[in-house]
Amino acid sequence: MKLAEIHQLMGKTNFSKDEKKTIFALIDYKVENDMDKVLDRMERVEERMENTLKTFIWVIGIATTVISVLLGIIALKG
């Protein structure tokens, strides 16, 4: 539900101003809590991607070294 819809629904109720503030505070707390969870998950995804990239670069480096050594051996024999 969008915030505008919630505001319209709250306008139609008979709640006092303090009760409405309390409800909005609870909604705000829930949204903030959900955002913290999303941010934590994004940080974990970022760490995994960083580790994967480091591993990929390491593998490319090893492959390049092996190819260079093989080409050097072929050049010395030829």
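## Salt bridges

The count comes to 2 salt bridges in this predicted model. One of them joins Lys30 to Asp34, with the closest N and O atoms 3.1 Å apart. The other pairing is between Lys54 and Glu50, where the closest N and O atoms are 3.4 Å apart. Both distances fall under the rule because a salt bridge requires a side-chain nitrogen of Lys or Arg within 4 Å of a carboxyl oxygen of Asp or Glu.

## Placement in helix α2

Lys30 and Asp34 are 4 residues apart in helix α2, so about one helical turn separates them. Lys54 and Glu50 also both lie in helix α2, 4 residues apart, about one turn of the helix.

Lys30 has a relative accessible area of 47% and is partly exposed; Asp34, at 31%, is partly exposed. Glu50 counts as partly exposed at 42% relative accessibility, whereas Lys54, with 51%, is exposed. Lys54 is classed as exposed because the cut-off for that class is over 50% relative accessible area.

## Negative surface patch

A patch of negative charge on the surface gathers Asp28, Glu32, Asp36, Asp40, Glu43, Glu46 and Glu47. Among them, Asp36 lies in helix α2, which covers residues 17–77, and Glu32 is found in helix α2. Glu32 has a relative accessible area of 46% and is partly exposed. Asp36 is partly exposed at 40% relative accessibility.

## A distance along the chain

Glu32 and Gly61 are 29 residues apart along the chain, and their C-alpha atoms are separated by 43 Å.

Notes
Residues numbered from 1 in each chain as written. Predicted model: local features only at pLDDT ≥ 70, side-chain atom pairs only at ≥ 80, totals over all residues. Heavy atoms only, no water. Patch = residues over 30% accessible without salt bridge, like charges linked within 9 Å, V, L, I, M, F, W, Y side chains within 5 Å. Areas by Shrake-Rupley, 256 points an atom, 1.4 Å probe, with all protein chains shown as cover. Lys, Arg positive; Asp, Glu negative; His and termini not counted. Charge placed at Lys NZ, Arg CZ, Asp CG, Glu CD. Helix = DSSP H or I, 4+ residues; strand = E, 2+ residues; numbered from the N terminus. Buried < 20%, exposed > 50% of the residue type's maximum accessible area, 1.4 Å probe, protein only.
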